Amino acid sequence: MSVLSGKNILLGVTAGIAAYKSAFLVRLLVKAGAQVKVVMTPSAKEFVTPLTLSTLSKNEVFSSFTNDEDENAQWNNHVELALWADLFVIAPATANTLSKMAHGTSDNLLLACYLSAKCPVYYAPAMDLDMYKHPSTKQTFETLDSFGNIRIPAEHGELASGLVGEGRMAEPETIIAFLEDAIKRTLPLRGKKVVITAGPTYEAIDPVRFIGNHSSGKMGYAIAEAAVKLGAEVILISGPSSLSVNEKRLTLVKVTSAEEMYNETHSHFDSCDIAILSAAVADYRPKQVSTQKIKKAAGPLTLSLEKTDDILASLGARKKRQFLVGFALETENELENAKTKLKKKNLDLIVLNSLNDEGAGFSKDTNKVTLVSKDNKVLPFSVKPKTEVANDILQYIIEQLHA
Ligand code: CTP
């Protein structure tokens with residue numbers, strides 16, 4: 001999944017011939033999963049039609065402060081548009097618009113949006129080679145750099161004038177790659193390796209039967225996906241689950257039993273920075289696993305169980321620099337039990353679920369958690385979708401890593 005997925009992107013289109021490429025850019029942004037709104041300078045409409053861009057973006061296109069043809073004209077709120085945006089990308093950015101941006105001129109809606117924007121602003125210059133080389137353009141770039149705006153460098157090639165040189169707007173694919181790269185570099189978990197356990201474990205009784213539990217793996221999978229989005233490299237060690245993931249920076253290791261989960265988790269632990277153990281690991285397994293299917297007999301059947309190794313506690317005993325997170329599913333004396341587990345297993349954080357809370361539990365899409373930190377800070381959250389709970393947990397870890 002692209003890091004642009006779910007982002008609100010305001011695309012500014014100015015009056016250069018490269019504006020025809022904006023249509024492709026909108027398509028690629030939408031394909032990457034972004035919400036796109038387009039703001040154009042009035043003259044840009046001579047190069048590409050608002051209808052094309054609104055059809056591709058599936059949103060209204062804005063180009064003036066009011067809708068001129070409508071006598072009940074409403075004001076197009078540049079502040080709202082600018083604040084809606086997670087990213088403002090101006091492509092193509094002409095010499096004229098760039099110069100106005102550098103000097104704070106606000107004589108069209110696009111420039112008013114620029115001045116109101118609080119999000120990162122990217123611009124892809126597009127102009128003829130001599131304009132691109134001109135000292136005033138260079139000065140403009142320097143001024144915009146000093147404002148923190150980010151230039152997507154123009155490319156070398158044939159220009160609309162027929163001349164060959166630097167000044168061509170970067171190709172839409174290059175702009176997308178540039179944006180993705182820039183976002184990845186600012187992600188808070190970039191360079192971090194996160195090990196996550198998820199789902200139930202199945203402990204074999206015989207070749208066809210097992211002891212298991214109702215865990216769906218939803219919480220752990222949500223944390224894994226959220227961690228990837230925040231820039232981490234993730235090893236997801238999952239017990240049997242019907243869920244699937246397809247992320248480039250995520251390795252899914254499928255296991256069945258607590259013992260397999262133990263071995264896989266330990267083999268990845270030394271090289272990881274954060275370990276989050278959300279799996280519902282079986283605490284007991286049959287002492288003996290029958291190699292043949294156990295036949296029905298007249299009397300009752302007694303299974304002798306032995307304890308599984310506690311993965312979380314064993315990591316707590318071993319950890320050096322890792323930030324270790326455990327889960328606690330409790331039905332009584334919740335906070336007290338969670339605090340005891342945190343201490344006993346040498347954790348940095350414990351995520352407490354109470355089965356007494358509505359909206360919390362195994363197969364649900366929501367959860368209600370309370371975070372308890374090593375220094376006994378207690379942070380309760382409301383019932384939320386597991387995807388949001390995942391982000392709450394990771395944001396808390398990120399804050400702790402930077403504290
Ligand atoms: N856990 C583990 N390995 C086990 C059992 C549990 O890693 N063999 C982890 C779980 O992934 C979870 C945490 O330990 O992060 C808490 O599990 P829980 O079952 O709530 O607690 P227990 O310590 O097993 O105690 P009890 O079942 O008595 O509440």
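Figure 1. The elements that give two or more residues to the shell around the ligand are helix H11 (311-318) and strand E17 (323-330). E17 supplies the largest share of that shell, four residues. Helices (H or I, at least four residues) and strands (E, at least two) are DSSP runs numbered from the N terminus.

**Figure 2. Residues around the ligand.** The ligand has 16 residues around it, of which Leu277, Ala279, Phe327, Lys341 and Lys345 come nearest; a residue is near if one of its heavy atoms lies within 4 Å. The shell divides into nine nonpolar, two polar and five charged residues. Here Ala, Val, Leu, Ile, Met, Phe, Trp, Tyr, Cys and Pro count as nonpolar, Asp, Glu, Lys and Arg as charged, and the others, Gly among them, as polar.

Figure 3. A polar backbone atom of phenylalanine 327 is 2.8 Å from an oxygen atom of the ligand. An oxygen atom of the ligand also lies 2.9 Å from a backbone N or O atom of leucine 312, and a ligand nitrogen atom is 3.0 Å from a polar backbone atom of aspartate 309. The protein buries 75% of the 570 Å² that the ligand exposes when taken alone (Shrake-Rupley method, 1.4 Å probe).

**Figure 4. The parallel sheet.** Six strands form an open sheet in the order E3-E2-E1-E4-E5-E6, with parallel pairing; two strands pair if DSSP finds at least two bridges between them. Strand E3 (61-62) and strand E6 (150-151) stand at the edges with a single partner strand each, so one side of each is left without a neighbour in the sheet. Strand E5 (residues 121-125) runs parallel to E6 and is joined to it by two bridges. Tyrosine 123 stands opposite arginine 151 in E6.

**Figure 5. The E7-E8 hairpin.** Strand E7 (residues 155-158) and strand E8 (residues 164-168) run antiparallel and are joined by four bridges. Glutamate 158 stands opposite valine 164 in E8. Five residues lie between the two strands of the hairpin, and glycine 162 in the turn has a positive phi of about 95°.

**Figure 6. Backbone details.** The peptide bond from alanine 91 to proline 92 is cis, with omega near 0°; proline 92 lies in strand E4 (residues 87-93). Lysine 58, a residue other than glycine, has a positive phi near 60° and is placed in the loop between helix H2 (50-57) and E3.

**Notes.** Residues are numbered from 1 along each chain as its sequence is written, and side-chain values use heavy atoms, with hydrogens and water left out. The model is predicted: local features need pLDDT of at least 70, side-chain atom pairs count only at pLDDT 80 or more, and totals for chains, interfaces and linings use all residues.

Technical notes
Polar contact = N/O pair within 3.5 Å; in protein donor to acceptor, adjacent residues only side chain to side chain.
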